[in-house]
Amino acid sequence: MTEELFGLRYEFVYQHGHCMRLFKDGGEGLTVEALSTLQIKMLEANTIPNMLPLEIQEIDHRVSLLYSLTAKRMLAQVLKVEGLSKFQFAKLMYAIVCAIDESKNYMLHETGFVLKDNFIFIGSDWSDVFLTYVPMEQGMKECSVYNAIKDLMRQISSKLNDKIRGDIDNWLDTDALTCTPQSLQNLKMNLLKLMDPQPPVHEGLPKPVWQQNIKQINTTNSMDESPMITPIADVQQDIKNGQTVAFYPITQRTQFLVLIGIILVMAFLWQHYVSSPSTSSLHLSAGITILLVDVWFVFRFLGLPRYRSAGEKQVPLFFDKPEKHFENKKEAVTVSNVESQDIQSHYQNLHMHTTLIQNNARNATVFLGNLKPEGPRLEVQMQGMPKSVPILSDHFTIGRGDANLKADYVLEEAGVSRIHAEITKCEKGYALKDSGSTNGTSLNGETIVTYQSYLLKDGDEIQIVCQTLIFRY
């Protein structure tokens with residue numbers, strides 16, 4: 001299945017890795033004359049940063065543009081799976097604006113960039129962006145790149161939560177972004193201000209970090225009336241990129257394993273010193289021993305350090321209130337008693353709501369009512385029993401999901417991505433698409449190309465890791 005893009009068709013294929021191919025059907029197809037010779041030479045002679053690697057393929061005088069997508073993720077899919085803070089939004093857009101602005105050094109035209117979230121790819125970080133550039137001589141719509149970037153900002157903000165979307169929309173409507181002259185330099189300055197607002201002015205020298213943390217813990221304990229112990233993870237240090245360092249207590253078994261490992265390393269060091277004593281080896285063994293002892297004390301009394309985002313909620317590391325625990329047990333017992341009573345009363349009064357079929361016409365067909373067709377659905381085997389999962393929406397997602405992202409059908413199996421695959425309704429029926437999963441998706445025994453849509457028919461087998469889903473329509 002292919003779609004249109006600025007007069008060209010595009011599809012996702014697998015050629016020595018995941019790729020996106022742009023081509024033209026009908027007539028002579030896409031010819032070399034339709035491409036800009038200068039831009040093609042610049043793309044072939046230079047490795048332009050923040051752009052998808054482009055390869056020009058020509059078969060029977062028909063040209064196609066092949067973009068490598070290896071180790072890259074589509075922005076539209078990432079926004080569905082991961083949240084985006086205001087800082088990350090500014091960081092992403094700043095990288096995009098810088099990439100477009102720096103492309104002028106390579107004689108590239110601004111209107112050649114496809115500024116849509118399904119043609120922008122990212123790597124390991126939000127600033128690691130890769131843009132799609134089409135080096136055509138004609139056919140690209142002339143428009144203001146400044147307005148195109150603002151439209152992209154609104155497109156991305158529409159997929160965020162209400163609070164962040166409202167803040168970004170208000171920021172886009174400010175006088176700083178609507179006034180003239182409109183340039184990429186002004187836009188970069190405003191994005192920098194959005195990333196790093198004016199820091200607060202402190203009177204005198206700042207307090208030590210440990211005193212600030214103790215004050216924060218005391219304030220938290222005074223406001224919290226619950227008897228739950230405050231975990232050590234509340235002792236944290238602010239990081240500029242919106243993340244915090246938190247310490248999480250570890251189990252006694254993990255502490256024991258860490259201690260055994262440290263003792264073995266120390267024994268190896270001092271055995272090496274005894275076998276070949278020297279001043280340098282003595283200093284090295286003593287220094288590493290002190291460092292390992294420090295590591296042990298950190299793991300023993302503080303816990304495991306970990307980065308977490310500022311908006312991430314703290315997972316309770318201690319038991320809840322005992323009263324609540326016992327209340328839940330009472331409620332569970334009460335519910336089980338009610339269920340058992342309902343089952344007993346059901347069978348005792350079964351004769352009151354059971355109708356016997358008369359024997360007057362033994363061969364007559366019994367009318368059971370209008371049976372509604374089941375419609376599109378997935379058939380799966382759960383513990384040896386068949387199960388039918390109806391496809392109730394035009395955009396049906398399959399994956400393991402998480403606390404912030406809900407999949408329409410949850411597969412709790414190792415190797416399944418949060419949003420692994422999607423089934424979407426189209427003009428010809430329903431289509432399957434892999435959403436950039438780590439372990440891939442198979443259709444009728446063949447691995448499908450990431451982000452490429454495949455038309456489904458009745459009886460098709462969808463393989464996700466070890467789970468087989470049969471499509472019925």
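Colleague: Which side chain does glutamine 57 join in a polar contact?
Modeller: That would be glutamine 15: the two side chains are joined by a polar contact of 3.4 Å. Keep in mind that this is a predicted model.

Colleague: Thanks! And where does glutamine 57 lie?
Modeller: You'll find glutamine 57 in strand E4, which covers residues 54–59.

Colleague: Is glutamine 57 buried or exposed?
Modeller: Glutamine 57 counts as buried, because its relative accessibility is 17% and the cut-off for buried is under 20%.

Colleague: What else does glutamine 57 touch, leaving out residues up to four places away in sequence?
Modeller: Besides Gln15, glutamine 57 touches Arg62, Val63, Ser64 and Leu66.

Colleague: Nice. Switching to aspartate 101, which side chain is its polar partner?
Modeller: Lysine 188, with a polar contact of 3.1 Å between the two side chains. Aspartate 101 itself lies in helix H3, residues 86–102.

Colleague: Buried or exposed, that aspartate 101?
Modeller: Buried, at 14% relative accessibility. Not counting residues up to four places away in sequence, aspartate 101 touches Leu184 and Gln185 as well as Lys188.

Colleague: Let's look at helix H5 now. Which residues are buried there?
Modeller: Helix H5 runs over residues 162–172, and Ile164, Ile168, Trp171 and Leu172 are buried in it.

Colleague: Why do those buried residues line one face of the helix?
Modeller: Looking down the axis of H5, the buried residues fall within an arc of 100°, so they line one face.

Colleague: New topic: how many disulfides does the structure hold?
Modeller: Zero disulfides. As for individual cysteines, cysteine 19 counts as buried at 6% relative accessibility, while cysteine 426 is partly exposed, with a relative accessible area of 22%.

Colleague: Zooming out, how many helices and strands does the protein chain have?
Modeller: The chain has eleven helices and 22 strands. Of its 473 residues, 35% are buried.

Colleague: What share of the contacts with a separation of 6 or more comes from residues 24 or more positions apart?
Modeller: In the protein chain, such residues account for 58% of those contacts.

Colleague: Last one: what does the accessible surface come to?
Modeller: About 30,600 Å² for the protein chain, and carbon and sulfur atoms contribute 56% of that surface.

How values were computed:
Residues are numbered from 1 along each chain as its sequence is written. This is a predicted model: local features need pLDDT of at least 70, side-chain atom pairs count only at pLDDT 80 or more; totals for chains, interfaces and linings use all residues. Side-chain values use heavy atoms; hydrogens and water are left out. Helices (H or I, at least four residues) and strands (E, at least two) are DSSP runs, numbered from the N terminus. Buried means under 20% relative accessible area, exposed over 50%, partly exposed in between (1.4 Å probe, protein chains only). A polar contact is a pair of N or O atoms within 3.5 Å; within protein, one must be able to donate a hydrogen and the other to accept it, and residues adjacent in sequence count only if both atoms are side-chain atoms. Contact means heavy atoms within 4.5 Å. The arc is that of the directions from the helix axis to the C-beta atoms. Accessible areas come from the Shrake-Rupley method with a 1.4 Å probe; for residues, only the protein chains shown count as cover. A disulfide is a pair of cysteine sulfur atoms within 2.5 Å.
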